Amino acid sequence: MIVSASYRTDIPAFYGDWFMNRIAAGDARVASPYGGRPYRVSLRQGAVDGFVLWTRNIGPLAGRLPEVAAIAPFAVQFTVTGYPRALEPGVIDTEAAIAQIRDLARVWGRRAVVWRYDPVVDTGLTGPAWHRGNFAALAAALDGAVDEVVVSFAQIYAKTRRNLDAAARRHGFSWRDPEAGEKRALIGGLAAIAAAHGMRLTVCTQPEYVVEGAEPARCIDAARLSDIAGRTITARVRGNRPGCLCHESRDIGAYDSCPQGCAYCYAVSSRAAAKRFLAAHDAGADSLDRISG
């Protein structure tokens with residue numbers, strides 16, 4: 001079993017103590033975001049085939065990664081977009097994020113970290129030409145440290161629209177959801193830039209935007225974990241939504257708990273509520289979700 005920690009929140013940045021406490025305890029209790037009874041996910045050596053850590057700041061967990069690796073191999077899905085603060089008020093500085101990725105590659109190997117330029121958001125501050133230049137600068141800075149960059153376009157859910165509209169009013173910018181042809185053209189340009197820096201560009205859960213030079217993404221990737229482990233890890237393909245090619249995993253995170261405040265985030269309804277969640281968080285609880293206690 002592969003454990004995802006977590007595409008619902010940034011566990012390494014904010015909930016690392018809880019995560020390591022649950023590893024020590026041997027399991028975590030998870031509330032299903034779709035209703036139904038909570039369930040337990042084993043975190044014991046032998047039960048976990050690998051961890052996928054999703055983050056924008058590995059720093060708080062970096063010193064404890066040897067303990068994670070002692071349980072099972074891990075891969076880090078590390079998001080760095082370099083967007084203006086109007087869109088990403090609470091993330092670490094881009095230079096610090098780049099340094100963390102390069103440190104991960106130096107210590108754990110290039111296969112242990114994947115760069116995510118995700119999601120691509122088209123605003124008056126971040127138009128197509130801006131994205132091409134910004135992506136090129138980030139790719140140059142990460143040359144040699146990663147072999148894959150994952151991209152996708154923002155999915156405009158109701159909460160995404162509400163949060164983007166609020167940020168646009170507050171900071172005085174506009175935003176839009178581009179036409180499919182514009183998206184494919186941008187993907188093609190980014191794929192060429194990535195290739196020039198030794199990276200393959202993959203597209204997450206949006207097969208309609210996979211163009212020449214790009215490939216479908218598999219963010220939960222048993223093959224990558226196998227390379228890191230030096231042994232074969234097998235898992236069936238079981239994506240989270242149509243178009244997702246991820247291998248089967250169990251996610252141990254909770255929605256509405258990441259306080260970084262990214263305006264386009266699908267996982268948080270309110271930054272203020274997420275800050276309250278973090279302030280009330282109990283690192284000794286058996287679950288990250290509100291059912292803990």
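**Aromatic pairs and burial**

User: Why is phenylalanine 135 called buried?

Analyst: Its relative accessible area is 0%, and buried means under 20% (exposed is over 50%, partly exposed in between, with a 1.4 Å probe and protein chains only). Phenylalanine 135 is therefore buried. This is a predicted model, in which local features need pLDDT of at least 70, side-chain atom pairs count only at pLDDT 80 or more, and totals for chains, interfaces and linings use all residues. Residues are numbered from 1 along each chain as its sequence is written, and side-chain values use heavy atoms, with hydrogens and water left out.

User: How many aromatic pairs are there?

Analyst: The count is 12. Rings of Phe, Tyr and Trp (its six-membered ring) pair if their centres lie within 6.5 Å; planes under 30 degrees apart are stacked, over 60 edge-to-face, the rest tilted.

User: What makes phenylalanine 74 and tryptophan 108 an edge-to-face pair?

Analyst: Their centres are 4.9 Å apart and their planes 70 degrees apart. Phenylalanine 74 belongs to strand S5 (residues 74-79) and tryptophan 108 to helix H5 (residues 94-108), 34 residues apart. Helices (H or I, at least four residues) and strands (E, at least two) are DSSP runs, numbered from the N terminus.

User: Why is tryptophan 108 called partly exposed?

Analyst: Because its relative accessibility is 30%. Phenylalanine 74, at 3%, is buried.

User: How do you know that tyrosine 117 and phenylalanine 135 are edge-to-face?

Analyst: The planes make 85 degrees, with 5.2 Å centre to centre. Tyrosine 117 is in strand S6 (residues 113-120) and phenylalanine 135 in helix H6 (residues 128-141), so the pair ties together parts 18 residues apart in sequence. Tyrosine 117 is buried, at 0%.
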